[in-house]
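Good morning, and thank you for making time for this item. I would ask you to keep the sequence and the structure in view while I speak.

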Amino acid sequence: MIRYIFFKELQAALLNKRLTISCLVLTVLMAVGGFVFEKRYIGLQREYEESVMQNYRNLEIAPNKQDYLESTQRMFKQYGQSIPQEMLNDFLKLHLNELVFTEQEIGKEPSKLSFIASGNGALPNGVKMDYFGTGIPENFGSFNKYFRPFIALDWANIILYFLSFVCLCFAYDAFSGERQNGTLKLMLSASVPRWKILAGKLSALWCILSAPVILGAVILLLMIQLSSDIMLSGGDYVKISVFLLFSFLFVGINILLFFGVSILTPRTSVSSVVCLLVWIVLVFILPDTAWLIAGKLSPVPGIDEQNRKEEALLKDADDKTVRWSSVWRSQWQKHSEDVYRWKNKCDRMENIREEIRDEYRNGLFRQTDMAIALTKISPFSVFRRVGDRVADNNYYGYRNFQSQVEAYRETFRSYINDKDAADPESLHLIWKGPFNNESRDYMSNTVIDPADIPVFTYRSPDALSIMRAALTDIAILLLWLFGLFGLVFYAFTRYDVR
């Protein structure tokens, strides 16, 4: 009997022109989203590669030396000469005490899975880093903020907004509509068990509304396979499969949600209004409210307030008796007490700056974590976050990036310290003061090979790591699915079809 009801509902759906057109539109949207993604990804990848090459050049020759080299070249050119090769080679040598003060601009590589959940161009995607610390999250790269789409055509947005609304349009009258026209009463008069009616309706609509997702995914993946600019690995296909599985669960949750409203409302007109209100609350109102609550419960001071706090702490910690002038006058005495006192003072100052930056960054992360936790009361928000995890974009992508930057900085510091420790002529005193490169004479001046410098390489999390991190999201979606099924089944067994 379930099979009969399934094919009956399937036939009715296929003959419904509105549903057929809606499914075709969804398929086209996913394919168009893939085309847009390919063009946008190529541009972002080109910008990223240019920034990486610029960062490599900064490591090979410090930016301040680049400026000096350009001015020297202009001076020689005025006299119709060029810089002697021997002088140029000596100038281009990279010394360890120059590398220490080189600031790197490290950006996150664009995700190859941005067609699942595209990155928000206004969110940070990089950070500035040197031997002494990392800055606050920043946005690197050029993007036209006036030409940003309101809703990106990625899979997560298409399914979250368009497909869920299609579920609403074709599930709101599944029971109230058949009750009005008498077909539901006719089926029950034939002694058909109610659970079979529910299972047949659910499975038919579930399959129909999942079809455009699968078809659109196949078309998009074929487009990517034919592209020479994007190469997906086996792990990427596993991640895509994980997202499609979540999408399948999400479609079922939407259908059951609107089935429940249809059962609990007497007429289709009432059902449509209630379904629309429920959809608006779960998609827009609850997530926005959660962000407002998180902002109140875990406020983050603004940049100006942080700067004022930093200035106050620096003023309190400043030892006025220790001055660089005394160090400069006794510079020929490398082991003088003034040098060590000045270094300790500069270290205290830099630690305060680093603590303020860490406090601000951790405050942002803490507030966002709270907001995301509060938004998970809605399955729509859970699905949105799953897309971000799988695509390694937006907040989760930046958190992964930030943790890898911190690990890289420790590797970079260890490289500097080991090189400096190996030089017996070095005093091994490294600090960052108000005067640029003032500690250069107190550390190693050895020439290093740029090829030996550790460079930052970003690695996206694998599918297993994503599943582990998303265990709570999986549990919430399954709880919604089975909870709604139980409630809908209970309501339908007591449903008065008269």
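A patch, as I use the word, is made of residues with over 30% relative accessible area and no salt bridge, and nonpolar side chains are joined into one within 5 Å. Please bear in mind that this is a predicted model.

With that definition, Phe165, Leu276, Ile280, Val281, Phe284 and Ile285 make a nonpolar surface patch of about 440 Å². Which helix gives the most to the nonpolar patch? That is helix H11, residues 268-297, with five residues. Isoleucine 285 is found in helix H11, and its relative accessibility of 44% makes it partly exposed.

I turn next to the cysteines. How many disulfides does the count give? The count is zero. A pair of cysteine sulfur atoms must lie within 2.5 Å to qualify. For cysteine 23, the closest cysteine sulfur belongs to cysteine 167 at 9.3 Å, which is too far for a bond. For cysteine 275, the closest one is in cysteine 169, and the separation of 9.6 Å is again too far for a bond. Cysteine 23 is buried at 12% relative accessible area, and cysteine 275 is buried at 0%.

Finally, consider leucine 484, which lies in helix H18, residues 471-493. Is leucine 484 buried or exposed? Leucine 484 is buried, with a relative accessible area of 12%. Leaving aside residues up to four places away in sequence, leucine 484 touches Ile253, Leu256, Leu257 and Leu479.

Technical notes. Residues are numbered from 1 along each chain as its sequence is written. This is a predicted model: local features need pLDDT of at least 70, side-chain atom pairs count only at pLDDT 80 or more; totals for chains, interfaces and linings use all residues. Side-chain values use heavy atoms; hydrogens and water are left out. Buried means under 20% relative accessible area, exposed over 50%, partly exposed in between (1.4 Å probe, protein chains only). Helices (H or I, at least four residues) and strands (E, at least two) are DSSP runs, numbered from the N terminus. Contact means heavy atoms within 4.5 Å. Patches are made of residues with over 30% relative accessible area and no salt bridge: like charges are joined within 9 Å, nonpolar side chains (Val, Leu, Ile, Met, Phe, Trp, Tyr) within 5 Å. Accessible areas come from the Shrake-Rupley method with a 1.4 Å probe; for residues, only the protein chains shown count as cover. A salt bridge is a side-chain nitrogen of Lys or Arg within 4 Å of a carboxyl oxygen of Asp or Glu.
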